[in-house]
Amino acid sequence: MKFDMDYIAHHNELSEFNPYIKLFITIITLVVTLVLDNLYFDVIIFVIMSVVILTIAKINYKSYLKFLSLPMAFLVITCLFLLFFFGKGQVIYETGLWGIVVTEGSLHYCVYTFMRVMGCLPCLGFLALTTPIAKVLHCLGTLKVPKIVIEIGLLMYNTIFIFLNEIDTMQKAQETRLGYHSYTTSFKSLGALASTIFLRSLDKSETLQFALDSRGYSGELPVYEPKKED
Amino acid sequence: MLEVKNLKYSYNSNYQALKGVSLKVDRGDMVALLGKNGAGKSTLFLHLNGIYEPDEGQVFIDGEELKYDKKSLLKFRQKVGIVFQNPDDQIFAPTVEEDVAFGPLNLGLSMEEVQDRVTEALERVGMSGFEKTAPHHLSGGQKKRVAIAGILAMKPEIMVLDEPTAGLDPQGVVDLSVLLNELNDEGITIIISTHEVDLVPNYANKVFVLVDGKLIGEGTPKEIFSKPEILEEANLKVPIVTDLFQQLENEGFDMQGDYPLTIDEAKEKFLKLLNKN
């Protein structure tokens, strides 16, 4: 199954739920989790938010696991570094290699960081998986986030899908001609892909500029307020 | 209403894309601009609302010369709307309604007016109900419709479409030509670039043929498709129906110089020939 976060955000039980409340809940739970820095609370918030995501928003558990697994590689690497290279205090385990040791402090550090991230992930997931980006950006707009940030987000949001599509097509075209058959060809193909995608992006950005100008773009994206539904 | 005079444009010193193009389009016309890939069709189109500034020559709209300052550009871009070949290049907003609203908002209209225009434009192209949809969840044909709605919402007098049928399925092509015919009946002048000749006689009342940055022919579809030398130079063919009748003539049927261009004309002609024998 392909993991399409955007599709999930548009098609779940909480998509139409007031985005301000969702944003508020996310920020509050994030802040509280970070400030409290308490292992029990981390577990509790993880369980509560996961339950909300799975049962109230009714998001498929496979998609949710996929979402959780995405940052896992970073998290594990970070925690390993913390475990072996940071912290002071009593040595509790000696690796015997170049004097690398695990100390009480580093273990504490590692566990707390891991749990804190695990607590925060579902909080972010709650927003990211249930709210279409357009709505998040609108909220931020009314909350007086600088316009330039929102405009960049807005333009990026749509172009990123075109970009990904383009990469996908090109990669398939390369694979068809055995571009990823061996290590050396893989490196070559990937290099060619990267440079082509860069040139093509420049090209696309020019066309997008023309299209925007054609409709009277003045350097600022106007904000549309949809009709209130009766 | 739209006049282009001796337009020249070069991308760089080695390559002149337009070598002095002059043409005139009247109000209410439905014009087809024919030419092979790289003939300069898109380049010409980008001159019509001032995206490109020509090296030489002028563009006139409603008898007024196109100027390149900010205020006149806004005015001319409202009058002349361009629908780009690839809707992905044009649609940028996260939802359909926001994209359609983009043009009217730039014109400085009130929010209620913009809302009305968005509803109207989406209804016009048959995309009501997709207001909140993300564009990348739409099919190619639907994206094209949204792109057209985005231009319609600006209430242009002239609508320019760069190869609008490219990438559409057969039903999509038929639906699109029906829509364009309706818009034309409602008074919008339409200019279409294409190299699919079969449909041209169905909608166009005027045809221009562009080859290597030069205009080599203009006239009604009937006139253009009866000049093999022009078609050959432009790498084009006659519509498939016309081809059939030209081959029938070689078999000994006298067509009296009148070759049908569309299915309807062909039907009439067949019935006539059958009744005669």
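1. A quick definition first: pLDDT is the predictor's confidence in each residue, on a scale from 0 to 100. You'll want that in hand, since what you're looking at is a predicted model. In chain B, the element with the lowest mean pLDDT is helix α12 (residues 263-276), at 83, while strand β7 (residues 158-162) has the highest, at 94. For chain B as a whole the mean is 89, and 100% of its residues reach 70 or more. The scores for the model are ipTM 0.82 and pTM 0.79.

2. Now the overall build of chain B. The chain contains twelve helices and ten strands. Its C-alpha trace spans about 65 × 45 × 30 Å along the principal axes. The radius of gyration of chain B is 20 Å, which agrees with the value near 19 Å that a compact globule of 277 residues would have. Buried residues make up 45% of the chain. Take the contacts in chain B with a separation of 6 or more: 63% of them link residues 24 or more positions apart.

3. Strands β1 (residues 2-12) and β2 (residues 15-25) of chain B pair in the antiparallel sense, over eight bridges. Together β1(B) and β2(B) make a hairpin, with two residues between them. If you want a spot to look at, K8(B) stands opposite K19(B) in β2(B).

4. Chain B also has an open sheet of six strands, in the order β6-β7-β8-β3-β9-β10, with mixed pairing. At the edges sit β6 (80-83) and β10 (214-219) of chain B, each pairing on one side only. From one strand to the next the twist averages 20°. Inside that order, β3 (residues 30-34) and β9 (residues 206-211) of chain B run parallel and are joined by four bridges. One pair to check there is V31(B), whose bridge partner in β9(B) is K206(B).

5. Is helix α4 (residues 96-106) of chain B enclosed or open? Eleven of its eleven residues are buried, so α4(B) is largely enclosed by the rest of the structure. Just after α4(B), G108(B) takes a positive phi of about 80°.

6. Next, where the two chains meet. Here 27 residues of chain A are in contact with 32 residues of chain B. On the chain A side, the elements giving two or more residues are α1 (5-10), α7 (133-142), α8 (147-176) and α9 (183-214) of chain A. The largest share, seven residues, comes from α9(A). By class, that side of chain A has 15 nonpolar, six polar and six charged residues.

7. Last, one residue of chain A. V101(A) is found in strand β2 (residues 101-103) of chain A. Leaving out residues up to four places away in sequence, V101(A) touches V91(A), Y93(A), E94(A) and T95(A). By contrast, V101(A) and I167(A) are 66 residues apart in sequence and 44 Å apart in space, C-alpha to C-alpha.

Methods:
Residues numbered from 1 in each chain as written. Chains lettered and ligands numbered in written order. Predicted model: local features only at pLDDT ≥ 70, side-chain atom pairs only at ≥ 80, totals over all residues. Rg over C-alpha atoms; globule rule 2.2 N^0.38 Å. Buried ≥ 20, exposed ≤ 12 C-beta atoms within 10 Å, placed from the backbone. Contact = placed C-beta atoms within 7 Å. Nonpolar A, V, L, I, M, F, W, Y, C, P; charged D, E, K, R; others polar. Pairing = 2+ DSSP bridges. Axes fitted to C-alpha atoms, helices over the stretch in contact; angles between N-to-C directions.
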